[in-house]
Amino acid sequence: MTPNQGMPPKLPIPGVKNLIAVGSGKGGVGKTTVAVNLAVGLAALGHKSGLMDADVYGPNVPLMMGINRTPMAHGERIQPLEQFGVRLMSMGFLSPGDKPLVWRGPMLHSVVQQFLRGVDWGELDYLIIDLPPGTGDVALSLIQTAPVTGAIVVTTPSDVSLEDARKAIHMFNQVKVPILGIVENMSWLSCPHCHERIDVFSYGGGRRTAEEMGVHFLAELPLDPEVRVGGDTGKPIVLRKGQGEPFLDLARNAAARTAEEGAREGPTIEISD
Ligand SMILES: Nc1ncnc2c1ncn2[C@@H]1O[C@H](COP(=O)(O)OP(=O)(O)OP(=O)(O)O)[C@@H](O)[C@H]1O
Ligand SMILES: [Mg+2]
């Protein structure tokens, strides 16, 4: 019995060395913020980096990357856009505006497949995938059909978020996607007046949960109004000297963990019987 029985084989994406999924159990914990800054950080460190926005219903990548144009097609293949050295694809580029999409399972599946295989990603060291919140259809469809090298689970330190993060880790375990590690976002706030540290959502739960579940802890990222401003204005914080440092560290740690998992996994192709 193969772990992927009943599903199509996880064919590699030509030219793409590593596929990293960024997910969480809970919405609004900072997945897109982490995915964007990770992709831009990896590019800033000299890697060839891409970012695929798999949040088909709520694509936030165009806003956070400060770009929204319709991609060109070249023959059968869509050409990704490029910003800050990162190749990009998002549903937001194809259906701009505020109208929600009302697609169901099979159509979602085919969009995700189109984004993976119908986009001319070229040579990439890392393709980061920003997953929608939760453990629903899109996340499952994607990780069951793509050769995901590893997943990053984003959480805040609050118990509610950690409970959902554990669910996400179980989901990745069930579908045999290695966990690269947990990222604790909104770990603390530095008071702008007295610079005292305020643990808005509690503190340290990400690291504790990582230890309990036997996964790595990748980074703790501060709750910083400038991170939000960077997201809203399309200027990722990782590019800022000083304030961007924790995000750059995350990119370094994620790259190191990906190399470990890549070495463990061997070739990404899964041969079906
Ligand atoms: N460390 C942080 N400091 C300050 N603001 C942050 C931080 N992380 C995220 N935010 C802000 O919080 C909001 C939610 O973040 P984001 O969209 O990245 O979360 P998400 O998990 O992708 O949400 P969804 O589940 O809706 O996809 C955004 O406005 C973002 O700018
Ligand atoms: Mg998001």
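Trainee: Where does ligand 1 sit in this predicted model?
Mentor: Local features here need pLDDT of at least 70 and side-chain atom pairs 80 or more, while totals for chains, interfaces and linings use all residues. Residues are numbered from 1 along each chain, chains are lettered from A and ligands numbered from 1 as written, and side-chain values use heavy atoms, without hydrogens or water. By the rule that more than half of its atoms lie within 2 Å of the grid points, ligand 1 sits in the largest pocket.

Trainee: How much space lies in the largest pocket?
Mentor: A pocket is an open set of 1 Å grid points where a 1.4 Å probe fits, with protein on both sides within 12 Å along at least five of seven lines. Its lining, residues with an atom within 4 Å of a point, includes Gly30, Thr32, Thr33, Met64 and Met186 as the closest to the centre. The space in the largest pocket is about 410 Å³.

Trainee: Which element gives the largest share of the shell around ligand 1?
Mentor: The shell has 17 residues, each with a heavy atom within 4 Å, and Gly28, Lys31, Thr32, Thr33 and Pro222 come nearest. Helix 1 and helix 8 each supply at least two of the shell residues, helices being DSSP runs (H or I) of at least four residues. The largest share, three residues, comes from helix 1.

Trainee: What percentage of the area of ligand 1 does the protein bury?
Mentor: Start with the oxygen atoms: one lies 2.8 Å from a backbone N or O atom of Gly28, and one is 2.7 Å from a side-chain N or O atom of Lys31. A nitrogen atom of ligand 1 is 2.9 Å from a side-chain N or O atom of Asn185. Taken alone, ligand 1 exposes 630 Å² (Shrake-Rupley, 1.4 Å probe), and the share that the protein buries is 82%.

Note on methods: Points joined across faces, edges and corners; volume = space filled by probe spheres on them. Polar contact = N/O pair within 3.5 Å; in protein donor to acceptor, adjacent residues only side chain to side chain.
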